[in-house]
Amino acid sequence: MEEEKMLTLEKFEEAAETVRRVTLETKLVYSDYFSEQTGAKVYLKPENMQFTGAYKVRGAYYKMSTLSEEERARGVITASAGNHAQGVAYAAKCYGVRATIVMPTTTPLIKVNRTKGYGAEVVLYGDVYDEACAKAYELAEEHGYTFVHPFDDLAVATGQGTIAMEIVKELPLVEYILVPIGGGGLATGVSTLAKLLNPKIKVIGVEPANANCMQVSLKNGKVTTLPSVATIADGTAVKTPGEKIFPYIQKNLDDIITVEDTELVGAFLDMVENHKMIVENSGLLTVAALKHLDLKGKKVVSILSGGNMDVITMSSVVQQGLILRGRIFTVSVLLPDKPGELSKVAGVVAREHGNVIKLSHNQFVSVNRSAAVELRITMETFGEQHKDEIMHALEAEGYRPKVVQTSM
């Protein structure tokens, strides 16, 4: 079987030549900001800038190149909530192959439309990836389509591993490569090739804390299914890692760490503000992981796996990030209901350089209006320290400010 010969140096070299036809050059970006934070030399591998917005086009296109004429003639099918869908749809278009993609009904419209835009037929089915995948297998059986698995496929993993080839060529003395893990295809390709090229390179996998299927599987010594997954990193929200690729992960991955969703929110802000780059939550795992590792003096590459994030999600993540870092907060103060009180509070905020975004005045907070009305002020600050200074200034003026849940 063709798959058995995959994940060898020869196949990685062949894949690197093949994918060059459809990939953009995502040169490493040195990060002053993260290097300063960690004491390491941190480089970013920006696959968010890749064609179709993610690394997945590599594995999909290489897989397509390995299929026989007969397998292509039958048409291909896959299941995906996003990046793999677009990768397969684009690769199929390049080879003139008919593609059917099963996507969960919860997939954002922009991803559905992009996938259709590459000429694929989209079937919406199920609430989560696992249900869509079961449907894809059913349709493959029914119509004789060739199934292209998003991660549990050695040819797909070989294609993804071409990232490691590019990293080592550009930064031969790389010591650490951080790679996001969903089902494990990218981590399999990258860790296997990195070890073939230089066994001293440490490859660390990063998973969301509430979707750590690979970490649990490695601990158990066998592929394990999580009862549920819940994370904003939808590209890595996988319950069961790949069976075929698991032995390669066991052999070549040095460690797995997990990060919380709140850390991804902060990492999104860091990336936008310091690098002017949009990276989706799954792609931010390797950035959020940097502070969990002692990397002082090391040359480190964080793989940013993709940048396909819809604008509504983006605005929500930005808002949550600003709130989490104390750069936007809402304070409640009780005032006597008489003229001039509002301007006094505004004066205190202005002196402390708080920037008011929204004011809300509630006269019905108490039965006795002359005793108290509530003023809620939502404001922008420079961060937690500035927020504390404003709170102390209000207290010094005799108010009893309380921070309340921010809503913008």
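**The sheet and its helices**

Author: Six strands form an open sheet in the order S1-S2-S10-S7-S8-S9, and the pairing is mixed. Here helices (H or I, at least four residues) and strands (E, at least two) are DSSP runs, numbered from the N terminus, and two strands pair if DSSP finds at least two bridges between them. The edges are strand S1 (29–30) and strand S9 (255–259), each pairing on one side only. This is a predicted model, in which local features need pLDDT of at least 70 and side-chain atom pairs count only at pLDDT 80 or more, while totals for chains, interfaces and linings use all residues. Residues are numbered from 1 along each chain as its sequence is written, and side-chain values use heavy atoms, with hydrogens and water left out.

S1 and strand S2 (residues 41–46) run antiparallel, joined by two bridges, and valine 29 sits opposite leucine 44 in S2. Helix H13 (residues 261–275) packs on the sheet, touching S1, S2, S9 and S10 (contact means heavy atoms within 4.5 Å).

Now to S10. S2 pairs with S10 in the parallel sense over six bridges, with tyrosine 43 partnered by valine 301 in S10. S7 and S10 are also parallel, over three bridges, and there tyrosine 176 faces valine 300. Finally, helix H10 (residues 185–197) lies across strand S7 (176–180), strand S8 (202–208) and strand S10 (299–304).

Definitions and conventions. Axes fitted to C-alpha atoms, helices over the stretch in contact; angles between N-to-C directions.
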